[in-house]
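Student: I have a model open and would like to learn how to read its features. Please take me through them one at a time.

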Amino acid sequence: VLFLYRGNATTVEWMGDFNGWGYVKDFPNKGQKITNTNIWYLKCKFPPDARLDYKILIDGVTWIIDPVNKFQQWSGVGGGSPNSELRMPQWHEDFLTVTQSETPHGQLFSDVLIHSKSLGYQVTYSVYLPHNYKQYGALPVAYVTDGYEYMHPQLGNMLATLDNLIHQKKIKPVIAVFVDNRDPVNRANNRRMNELAMNTKYLEFFANELIPAIQAQYPVKAEANSRAIIGTSMGGLTATYFAFTRPDLFGLAGIQSPSFYTRPQIYKLCEGNTEVQLKISMTTGLINDTSSESRKMGDILKASSCVYQYRETNEGHSWGNWRRLVDDILIDLFGM
């Protein structure tokens, strides 16, 4: 790859998934200036199927997207959205994750409030019902943390993925509950770092309040093998924690780029649980994501009685990575 920038500057750097947005110090990310010009360049090598978020950093203070790159990706890293997106030649978009005009849409009940006694505050969630859901009877259900991000068209776009998979009969019709970790009163206050850090009160909220409320109002199956917990990063940690702590509630777990390093006790929780029979789908990126932690958990799962699928991709810790793999997770957990 040859990155180029034209403009007056003292220094030009390329920051992104490839150098952990500055945390990986040994990656050569500093641009070179062509003598007697205002053109800067950086040459790099990446896997041929990689997809990476990046920005250009001018004089160490000014972050900009690449002005001549039409591809952009919203993400939670990289100094705010959007980031520029590098698509290597063998990377291809997964059209199951893209809104299709011919696919009928499910129904969404947005921003439902529930007061949690366990947490001591209100929580917002949204419920997705498949197109013509009443014809199916009781349905499996997926609970999704970071629900706002998973639903957002420029982040997870999971509503379109559900529509496409159900319409093409790649998964069973499924109800999805998207739990928003943001404070309903102040949406800028995202409580995820507390709620998703193996929080016993958050698990109690699901077990004693949210799941009973959903079962009382919607046609969902009550068996654990028809109930999934899905999340990314800290949400991936939570999905693992929920499933191994309460396999009587969650028989299915979708785990994306799990932040196991924040709570290494998760490994001990999962070790030795040879009688826990979960169906698990786990994904991670290979470029400054969570592959080492995921592989360690993979070794634990191989020694268990869990049904286990694992995928790695040449991407970073980004919604571009997670969006493209959520269809694989749904097929693993709810495939026909």
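Tutor: Start with helix H8 (residues 319–334), which lies across strand S11 (141–144), strand S13 (227–232), strand S14 (252–256), S15 and S16, and runs at about 160 degrees to S15. Helices (H or I, at least four residues) and strands (E, at least two) are DSSP runs, numbered from the N terminus. Axes are lines fitted to C-alpha atoms, for helices over the stretch in contact, and angles run from 0 to 180 degrees between N-to-C directions. Contact means heavy atoms within 4.5 Å.

Student: What kind of model is this, and how are residues numbered?

Tutor: The model is predicted: local features need pLDDT of at least 70, side-chain atom pairs count only at pLDDT 80 or more, and totals for chains, interfaces and linings use all residues. Residues are numbered from 1 along each chain as its sequence is written, and side-chain values use heavy atoms, with hydrogens and water left out.

Student: Which helix lies across S15 and S16 and runs at about 160 degrees to S16?

Tutor: That is helix H7 (residues 291–302).

Student: What is the strand order in the open sheet?

Tutor: Two strands pair if DSSP finds at least two bridges between them. Here eight strands form an open sheet in the order S9-S10-S12-S11-S13-S14-S15-S16, with mixed pairing. Strand S9 (107–116) and S16 are at the edges with a single partner strand each, so one side of each has no neighbour in the sheet. From one strand to the next, the twist averages 15 degrees.

Student: How many bridges join S15 and S16?

Tutor: Seven bridges, in the parallel sense, pair strand S15 (residues 279–285) with S16. Gly285 stands opposite Thr313 in S16. Val307 also belongs to strand S16 (residues 307–313); leaving out residues up to four places away in sequence, Val307 touches Leu278, Lys279 and Ile280.

Student: How is a pair of aromatic rings described?

Tutor: By the distance of the centres and the angle of the planes. Rings of Phe, Tyr and Trp (its six-membered ring) pair if their centres lie within 6.5 Å; planes under 30 degrees apart count as stacked, over 60 as edge-to-face and the rest as tilted. The count by this rule is 22 aromatic pairs. For Phe206 and Phe242 the ring centres are 5.0 Å apart and the planes at 70 degrees, so this pair is edge-to-face. Phe206 is in helix H4 (residues 200–217) and Phe242 in helix H5 (residues 234–245), so the pair ties together parts 36 residues apart in sequence.

Student: Which residues touch the most other members of the largest nonpolar core?

Tutor: A nonpolar core is a set of buried Ala, Val, Leu, Ile, Met, Phe, Trp, Tyr and Cys residues joined through side-chain atoms within 4.5 Å. The largest has 51 residues, and those touching the most other members are Tyr143, Phe206, Ile214, Ile266, Ile280 and Met297. H4 gives the most to this core, with eight residues. A second, separate core of 25 residues includes Tyr150, Val174, Ile230 and Leu333.

Definitions and conventions
Buried < 20%, exposed > 50% of the residue type's maximum accessible area, 1.4 Å probe, protein only.
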